[in-house]
Amino acid sequence: MTGRDPSLLRSLAPGTRLRNGVELILRQGSGALIVLGYGPDIEAICSGGFHLNGADFSPARLAELAKMDGAVVTDEAAEVIYRANVHLIPDSSIETSETGTRHRTAERVARQTGRSVIVVSEGRSTVTVYGREGMYELSKPTQLLAQANQNLLTLERFRRRLSEVENRLTQLEVDDIVTNRDVVLLMQRAALVRRIASDLEHYAVELGGEGNLIRIQLADLIAGVSETAQIVYEDYARSYPPEYPQPLELLADLDTEHLSDPHRVAAPLDLGPLDSQARPRGIRILSRVPRLPEAVRRSLIEHFESLQEMLYASVADLDEVEGVGRTRARQMRHYFDRLLDSNRTWEADED
């Protein structure tokens, strides 16, 4: 799904006028070549046909004009039609892997002008969309829903794994045995969740109104993922605050297959050797303390050198930090004690 124009996906979503027009063309079996966008660049490669002077776009009008052999040229949003029955003459030196006349022309026009070009094939009953970055075949709504639901199940599985990795990281932090590899593992899981979610976002856009349920489930599954990655990175980055606070942006250029390689993931994060011990500042743990103001969190981070010092600080030690106060210090000590107790329970269960 990578590289598709979201605005084009919305224009071609089920129920839109452009999609309805394409469906009409498929049903009448005439085929079509439709250029989305008009200007001097398109006019320069047009020959013959006739001008419609910006006639209003309608699915029926598009289908009727497609019965002629030439291309139809609309504006980028497919709201008006400028030309019909046009013979397009793009630069023949532009390489193309297509063999059919319409597909070959469409690919060259897209590459030469950067406009989106739609080919409706009467022989294969398919719809292919070409852009400057490549092409893709338009799927039927039933196929899109099936693909989206499959991706949704995959996303749910990876989201659970991310939660498990985060819980495991908490246990390792309490025991003071975290390595950079453990941090990188969480970043890998978070980046994979975001990658799968990005594909699902495209499916939801392409489905239009039929993708509303997908959107709701997607929003629920990715809630807090970027925030978790960011706060963990702040905990372990060599400098604080880190120069690039959002680590998932640092990993955005990695191929999906490279996200499974801890060394490739670790490189842009610059955390240090994978198997070296890592000590958190305590930012993530403090974010879970109820009703703790951001200014007090910063004071605690600056006062204590690591989470370990904070976890075992007395009420008096905590009270010394600016903005904490005796009452909050006792509340925090109670929270840390519960955290330590839950970790001992987990260790006992593991044994």
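How many aromatic pairs does a search of the whole structure find? The points below take up this question and several others.

1. On the model itself. This is a predicted model, in which local features need pLDDT of at least 70 and side-chain atom pairs count only at pLDDT 80 or more, while totals for chains, interfaces and linings use all residues. Residues are numbered from 1 along each chain as its sequence is written, and side-chain values use heavy atoms, with hydrogens and water left out. Helices (H or I, at least four residues) and strands (E, at least two) are DSSP runs, numbered from the N terminus.

2. On the aromatic rings. A search of the whole structure finds two aromatic pairs, where rings of Phe, Tyr and Trp (its six-membered ring) count as a pair if their centres lie within 6.5 Å, and where planes under 30 degrees apart are called stacked, those over 60 edge-to-face and the rest tilted. In one of them, the ring centres of Tyr38 and Tyr82 are 4.7 Å apart and the planes meet at 20°, so the pair is stacked. This pair links distant parts of the chain, since Tyr38 belongs to the loop between β1 and α3 (40–43) and Tyr82 to strand β5 (residues 80–88), 44 residues apart. Tyr38 is partly exposed, with a relative accessible area of 27%, and Tyr82 is also partly exposed, with a value of 27%; here buried means under 20% relative accessible area, exposed over 50%, and partly exposed in between (1.4 Å probe, protein chains only).

3. On a charge and a ring. The charged end of Arg161 sits over the ring of Phe158, at 5.3 Å from the ring centre, a description used if NZ of Lys or CZ of Arg is within 6 Å of the ring centre and within 35 degrees of the ring normal.

4. On helix α2. This helix (residues 17–28) has 12 residues and reaches 17 Å from its first C-alpha to its last, which is close to the 16 Å expected at 1.5 Å a residue, the expected span being 1.5 Å times one less than the number of residues. Its buried residues are Leu18, Arg19, Gly21, Val22 and Ile25. They cover an arc of only 160° around the axis, and therefore lie on the same side of α2; the arc is that of the directions from the helix axis to the C-beta atoms. As background, an α-helix has 3.6 residues a turn, so residues three or four places apart point the same way. Among the elements that cover the buried residues of α2 are α1 (6–11), β1 (32–36), α4 (59–66) and α6 (141–175). After α2 comes Gly29, whose phi is positive, near 70°.

5. On Leu18. Within helix α2, Leu18 is buried, with a relative accessible area of 3%. Leaving aside its neighbours within four places in sequence, Leu18 is in contact (heavy atoms within 4.5 Å) with Ser11, Leu12, Leu36, Phe57, Leu62, Ala78 and Ile118.

6. On helix α4. The buried residues here are Pro59, Leu62, Ala63, Leu65 and Ala66. They cover an arc of only 165° around the axis, which puts them on the same side of α4. The cover over the buried residues of α4 includes α2, β1, β3, β4 (71–74) and β5.

7. On strand β7. Five of the six residues of β7 are buried, so the strand is mostly covered. Strands β6 and β7 run antiparallel and are joined by five bridges, two strands being paired if DSSP finds at least two bridges between them. Val127 in β7 is the bridge partner of Val120. The two strands β6 and β7 form a hairpin with four residues between them, and Ser125 in the turn has a positive phi of about 55°. On to strand β8 (residues 134–137), β7 is joined by four bridges, again antiparallel, and the hairpin between β7 and β8 passes through two residues. Tyr130 stands opposite Met135 in β8.

8. Most residues other than glycine have a negative phi, and most peptide bonds are trans. Asn53, in strand β3 (residues 50–56), has a positive phi near 55° and is exposed, with a relative accessible area of 71%. Asp176, in the loop between α6 and α7 (180–207), has a positive phi of about 60° but is buried, with a relative accessible area of 18%. A cis peptide bond joins Tyr240 and Pro241, with omega about -5°, and Pro241 is placed in the loop between α9 (225–236) and α10 (247–250).
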